[in-house]
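Me: Here is a model to examine. Please take a close look at a single part of it, and give the cut-offs behind each term you use.

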Amino acid sequence: WAELRRQRHVMSRAERYFRRANAQVLSKAFNTWAESSADAKRRRYSLQKIVTRWQRLQLAAPFGDWVDWIDEVQRNRSKLIKAVHRMRVVKTATAFVTWRDNWAELRRQRHVMSRAERYFRRANAQV
């Protein structure tokens, strides 16, 4: 009878030992899996940040090109405004000079006509 009790005691200790060992293996496996899972999550997050940064760069390049194009358009617009202003000033000045020359010519012609008219009046008055 004592032998049976001792055998049960040895068996229960052996079972507890193997349960603990099994639990340690399971615990170790779970901890390894949890660590691996957390590491994979960190890597995915890092990769997502890199991909997002690349996408931002891919968007930033066309935006920079657009900004450069807008600057060029504005420079060209200011050049055109300046050129049109100069043409207007030149054309206005040319028109004024032409008007003044015509006015001077008309004045000269009036003077010549008035002299001719006086000449003919005197000539008619003498006849």
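Reply: The predicted chain has one helix and zero strands. Its radius of gyration is 54 Å, well over the 14 Å that the globule rule gives for 127 residues, so the chain is more spread out than a compact globule. The radius is taken over C-alpha atoms, and the globule rule is 2.2 Å times the number of residues to the power 0.38. Helices (H or I, at least four residues) and strands (E, at least two) are DSSP runs, numbered from the N terminus.

This is a predicted model, in which local features need pLDDT of at least 70 and side-chain atom pairs count only at pLDDT 80 or more, while totals for chains, interfaces and linings use all residues. Residues are numbered from 1 along each chain as its sequence is written, and side-chain values use heavy atoms, with hydrogens and water left out.

Start with the extent. Helix α1 covers residues 2-126. Along the principal axes, the C-alpha atoms of the chain fill a box of roughly 185 × 15 × 10 Å. Two residue pairs put distances on this. Arg 88 and Arg 5 are 83 residues apart in sequence and 122 Å apart in space, C-alpha to C-alpha. For Ile 81 and Tyr 119, the separation is 38 residues in sequence and 56 Å in space, again C-alpha to C-alpha.

Next, the surface. Of the 127 residues of the chain, 0% count as buried. Buried means under 20% relative accessible area, exposed over 50%, and partly exposed in between (1.4 Å probe, protein chains only). The accessible surface of the chain comes to about 12,800 Å². Carbon and sulfur atoms hold 60% of that surface. These areas come from the Shrake-Rupley method with a 1.4 Å probe; for residues, only the protein chains shown count as cover.

Arg 88 lies in helix α1. Its relative accessible area is 58%, so Arg 88 is exposed. Ile 81 is found in helix α1 too. At 56% relative accessible area, Ile 81 is exposed.

Leu 47, Ile 50, Val 51, Trp 54 and Leu 57 make a nonpolar surface patch of about 500 Å². Patches are made of residues with over 30% relative accessible area and no salt bridge; like charges are joined within 9 Å, and nonpolar side chains (Val, Leu, Ile, Met, Phe, Trp, Tyr) within 5 Å. Leu 57, one of the patch members, is placed in helix α1. Leu 57 is exposed because its relative accessible area is 54%.

Now the charged side chains. The count comes to six salt bridges. A salt bridge is a side-chain nitrogen of Lys or Arg within 4 Å of a carboxyl oxygen of Asp or Glu. One of them joins Arg 42 and Asp 39 at 3.4 Å, N to O. Both residues lie in helix α1, three residues apart, about one turn of the helix. Arg 42 counts as exposed at 52% relative accessibility. Asp 39 is at 26%, so Asp 39 counts as partly exposed.

Further along the numbering, the side chains of Asp 101 and Arg 100 meet in a salt bridge of 3.9 Å, N to O. Asp 101 is partly exposed at 42% relative accessibility. Arg 100 is partly exposed at 41%.

Another bridge links Arg 108 and Glu 105 at 2.6 Å, N to O. Arg 108 and Glu 105 are three residues apart in helix α1, about one turn of the helix. Arg 108 counts as partly exposed at 46% relative accessibility. Glu 105 is partly exposed, with 32%. Salt bridges that share partners join Asp 39, Arg 42 and Arg 43 into one network.

Last, the rings. The structure holds five aromatic pairs. Tyr 17 and Phe 18 form an edge-to-face pair, 5.3 Å centre to centre, with 75° between the planes. Both Tyr 17 and Phe 18 are exposed. Tyr 119 and Phe 120 form another edge-to-face pair, 5.5 Å centre to centre and 70° between the planes. Tyr 119 is exposed at 53% relative accessible area. Phe 120 is exposed, with 53%. The rule: rings of Phe, Tyr and Trp (its six-membered ring) pair if their centres lie within 6.5 Å; planes under 30 degrees apart count as stacked, over 60 as edge-to-face and the rest as tilted.
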